[in-house]
Amino acid sequence: MTSASTGSAGQGPRFRALVPSAQDGADLAAVYAYPEGLSRPWLRANMVSSADGGAWGPSGRTADLSSPPDRAVMGVLRGQADVVLAGAATARIEGYRPVRPREVWAGLREGRPATPPLAVVTRSLDVHPDVLRAAPPQARTIVITTEAAPAERRREAEETADVVVAGTDSVRPEAVLEALAERGLYRVLTEGGPHLLAEFTAAGLLDELCLTLSPRLLGPAAARIVAGDAPSRTQDLRLAGLLESEGSLFARYRRP
C-alpha cells in the first residue's frame with residue numbers, strides 16, 4: 001500500500017490503532033476493507049462529528065470539522081467503494097462533483113473503473129450541472145429520484161446521467177440499494193447528509209458507520225449526524241475499530 005494509505009512518517013498523517021489492538025502505523029486500506037464475497041449491498045456511512053455531537057461547523061459545511069487525517073480516511077473509503085452516495089442538499093452545500101481519480105487508488109481499484117460513480121438522491125433534480133455532465137463515461141453519475149420529479153429536468157438529466165426512479169413521491173431507501181445492486185455496485189459509501197442517513201437507519205439498512213470525532217466544540221446550535229423527520233429507530237452497534245491521528249478519533253461501528 002502507498003504511504004497515503006498507511007500514514008507513514010513524513011508522508012501524510014500517521015494513524016495509531018487503539019481497537020481491536022494497539023498498533024502504530026495502521027494500514028487504512030486493511031482497516032477499512034469491505035467484507036469479502038458480498039452477495040448484497042453493504043451500506044457504509046462516513047460521517048464527521050464534533051466532540052459535542054455537531055455535524056457541521058459555522059459555515060454549514062463539514063470542512064470546519066475536517067483535518068488531514070480525516071481527508072486521508074475519506075480518500076481510502078472512496079477508493080474502496082463501488083459507488084459514493086449522497087443526498088442532493090449535501091451535494092449542493094459541500095460542492096460535490098464527480099469523484100476524481102487518485103494515484104493512491106491503483107491498488108484499491110484494481111479490476112474496476114478508475115473512480116466510483118457518484119449517486120445523488122434528489123426529489124427535485126436540483127443538482128449542479130457539472131454533477132451530471134462532468135462524470136467520466138465509465139462512471140456516469142446516477143440520479144435517484146421519484147415519479148413526481150419534474151419531467152423536463154428528468155429528460156435533461158437522462159442525456160448525461162443514469163436516472164433511476166425509486167419511489168412515487170419520496171425515494172424509498174430499499175429501492176436505492178436495489179437499483180445500485182442491479183448495476184453490480186455492492187460496496188456503497190454514503191456521505192450523508194444527516195437526513196439521508198436518517199432514512200437508511202430508520203429502514204434498518206445501515207451496515208457500518210465510520211465516524212470521525214473531531215476535537216472541537218461547536219455548542220448547541222449544530223445538528224446531529226442523523227436528523228430530519230424519519231421515524232426513530234434504536235439500533236445497537238458493535239465497535240469494530242478505533243484509530244487516532246492528530247487528536248481526532250476514527251471509530252468504525254458495525255451491526256452485530
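How many bridges join β3 to β8? Four bridges join these two strands, and the strands run parallel.

## Basis of the model

This is a predicted model, in which local features need pLDDT of at least 70 and side-chain atom pairs count only at pLDDT 80 or more, while totals for chains, interfaces and linings use all residues. Residues are numbered from 1 along each chain as its sequence is written, and side-chain values use heavy atoms, with hydrogens and water left out.

Helices (H or I, at least four residues) and strands (E, at least two) are DSSP runs, numbered from the N terminus. UniProt, in an unreviewed entry, places the feature "domain: Bacterial bifunctional deaminase-reductase C-terminal" at residues 41-241. UniProt positions are given in the numbering used here, feature names are shortened, and annotations may be inferred rather than shown by experiment. Over residues 41-241, the chain is 25% helix and 20% strand, and the end C-alpha atoms are 21 Å apart.

## The sheet

The model has an open sheet of 11 strands with mixed pairing. The strand order is β2-β1-β10-β11-β9-β3-β8-β4-β5-β6-β7. Two strands count as paired if DSSP finds at least two bridges between them. The edge strands, β2 (23-24) and β7 (162-165), each pair on one side only. Strand β1 (residues 16-19) pairs with β2 in the antiparallel sense over two bridges, and A17 stands opposite Q23 in β2.

Helix α3 packs on the sheet and touches β3, β4, β8, β9, β10 (238-245) and β11. Contact here means heavy atoms within 4.5 Å. The direction of α3 makes about 170° with that of β3; axes are lines fitted to C-alpha atoms, for helices over the stretch in contact, and angles run from 0 to 180 degrees between N-to-C directions.

## Strand β3

Strand β3 is mostly covered, with nine of its nine residues buried. Buried means under 20% relative accessible area, exposed means over 50%, and partly exposed lies in between (1.4 Å probe, protein chains only). W42, R44, N46, V48 and S50 point one way from β3, whereas L43, A45, M47 and S49 point the other way.

With β9, β3 pairs in the parallel sense over seven bridges, and A45 stands opposite L209 in β9. S49, also in β3, has a relative accessibility of 6% and counts as buried. Leaving aside neighbours within four places in sequence, S49 is in contact with G54, L65, L211, T212, L213, S214 and I225.

## Salt bridges

Side chains of opposite charge can pair when their charged atoms come close. A salt bridge is a side-chain nitrogen of Lys or Arg within 4 Å of a carboxyl oxygen of Asp or Glu. The structure holds 13 of them. One joins the side chains of R44 and E208 (3.1 Å, N to O). R44 lies in strand β3 (residues 42-50) and E208 in strand β9 (residues 208-214), so this pair ties together parts that are 164 residues apart in sequence. R44 is buried at a relative accessible area of 0%, and E208 is buried at 1%. R44 and E208 also belong to a network of salt bridges with R252 and R254.

A salt bridge also joins the side chains of E191 and R78 (2.9 Å, N to O). E191 lies in the loop between β8 (187-190) and α8 (194-202) and R78 in helix α3 (residues 68-80), so the pair ties together parts 113 residues apart in sequence. Both E191 and R78 are buried. D207 and R255 form a further salt bridge through their side chains (2.8 Å, N to O). D207 is in the loop between α8 and β9, and R255 is in the segment after β11 (248-254), 48 residues apart. D207 counts as buried at 3% relative accessibility, while R255 counts as partly exposed at 30%.

## Nonpolar cores

A nonpolar core is a set of buried Ala, Val, Leu, Ile, Met, Phe, Trp, Tyr and Cys residues joined through side-chain atoms within 4.5 Å. The largest has 36 residues, and those with the most contacts inside it are F15, L28, Y32, V73 and L243. The elements giving two or more residues to this core are α2 (28-31), α3, β4 (83-87), α4 (88-93), β5 (118-121) and α5 (129-133). Helix α3 gives the most, with four residues.

Another core, of 28 residues, lies apart from the largest one. Among its residues are L180, V188, L211 and I225.
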